[in-house]
Amino acid sequence: MGDGLNFMLYFRETRMKRILAIDGGGIKGVFSASFLASIEDATGHRACDFFDLIVGSSTGGILALGLGLGLSASELLRFYEEYGHEIFEVQKYGWLKKWFVCQYNQDRLRFALEKKIGSDILLGHSKKRLVIPAFNLDTGQVHIYKTSHHQHLECDYKCKVVDVALATSAAPTFFQSFRSSNGMPLIDGGVYANNPTGMAVVEAISILGWPKEQLRVLSLGCTSEPLDVRRHAKGRFYWAVKSTDVFLKAQSSLSLGTAYLLVGHDNVKRIDPIVSNHRFALDKVKEINSLKGMGASEARNHLPSLRKMFDFNVIAENFEPSHKI
C-alpha cells in the first residue's frame, strides 16, 4: 500500500504540464480555432481537455476564455464564422470624421460575446487556469487578468468574462478603449504581448511553481508575413506605417526566445505559417474560409509530432482554484 501511494505521489509530481499560448490577430483567430478544432476531430476530445494553462492575447484571449469555459474549438470557430462579418462591419462616417473615430463598433463585439458566452459568466467559472493580458492607459502599466490559480490572485475571478474579452481585444484604431467596471481604461494586450508564449512560461514557473523540465508548450500564431522594411528608409510617414510591424516582430521574437531559454527548444512547439505580404489582415473577413482551411491543413501536417510531444491520450488534471465563486 505504501509503495503504491509513493508511486502515485511520484507520478503526480512528475506529470507533464501542458501549456497553450495563442497570439492576437483579429479575424485571423479563425486559423487558431480551426487548427484546434482539427485536433479535436482527430482525438475525440475538446482541445481544452489537454492543457493545464491557457494564455491568450486579443483574439487569442477570446479563444482562451472560451476554451476555459469548456467550449470546444469547433464552437469557437463557428463563433467567428457567424459573427465575424458583423463585428468587422465598417462604421460609415463622413470623410473627415472617420479620421477621429475607431473603425468598428465595440457594441457589436459585446453583443456577439454575450450571445455565445452569456452576460453574467465570471472568470471564476473557468475550468482552466487562464492568463489574459490588457494594458492600462492611465497608469501605463500592463494589466493581466488571471484566474485564481494562486492564493494571492483574489480579485480577477470576480470579473465578467465578456469584459475581460473586450479589454484584451480593444485594438487601437479598430475598437475604442474599454472602460472596466472600476474605471480603468484598457486596451489590447497585444500592444506588449501579442505573442504571449514567454508570458505563459514565466507564469508556469514563477507563479505556479511548475518545474521547467515538465513543461510542454504549444504556441499558436495566426499566420505571419516576412518583415518588409527598407533598410535605408528615413521618412517619418514610412516609419509611422511600418513601426507596428517591426514592434510586433520584435515582441514575438523576444517572447519565443524567453520560452526557448527557460524550457528548451524541444519543449516548445510553434505553429505560425508564413504567408505572402497582405494575404490576410486583422479585419479581412472575406478570407475566413481560407484561414479555416489553412488551420486544418497545418493541424494535419503537425498532428503526428503533436501526439508525441503532448500525449493526447492523457487528459489534464482538474483545476481547483484558490478562490471560488
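Mentor: Let's start with a word we'll need: a residue is buried if its relative accessible area is under 20%. Keep in mind that this is a predicted model.

Trainee: Okay, so why is Phe312 called buried?

Mentor: Phe312 has 7% relative accessibility, and the cut-off is under 20%, so Phe312 counts as buried.

Trainee: And what makes Phe50 buried?

Mentor: Go by the cut-off again: Phe50 has a relative accessible area of 0%, so Phe50 is buried.

Trainee: How many aromatic pairs does the structure hold?

Mentor: It holds 11 aromatic pairs, and Phe50 with Phe312 is one of them.

Trainee: Why is the pair of Phe50 and Phe312 called tilted?

Mentor: Their ring centres are 4.6 Å apart, and a pair needs centres within 6.5 Å. Their planes stand at 45°, while stacked needs under 30 degrees and edge-to-face over 60, so this pair is tilted.

Trainee: What parts does that pair tie together?

Mentor: Phe50 lies in the loop between helix H2 and strand E2, and Phe312 in the segment after helix H10, so the pair links parts 262 residues apart in sequence. Both also belong to one aromatic cluster with Phe51 and Phe310.

Trainee: What about Phe79 and Tyr83, why is that pair tilted?

Mentor: With centres 5.6 Å apart and planes at 45°, Phe79 and Tyr83 make a tilted pair. Both sit in helix H4, 4 residues apart, about one turn of the helix.

Trainee: How do you know whether Phe79 and Tyr83 are buried or exposed?

Mentor: Phe79 has 3% relative accessibility, so it counts as buried. Tyr83 has a relative accessible area of 9%, so Tyr83 is buried.

Terms used
Residues are numbered from 1 along each chain as its sequence is written. This is a predicted model: local features need pLDDT of at least 70, side-chain atom pairs count only at pLDDT 80 or more; totals for chains, interfaces and linings use all residues. Side-chain values use heavy atoms; hydrogens and water are left out. Rings of Phe, Tyr and Trp (its six-membered ring) pair if their centres lie within 6.5 Å; planes under 30 degrees apart count as stacked, over 60 as edge-to-face and the rest as tilted. Helices (H or I, at least four residues) and strands (E, at least two) are DSSP runs, numbered from the N terminus. Buried means under 20% relative accessible area, exposed over 50%, partly exposed in between (1.4 Å probe, protein chains only).
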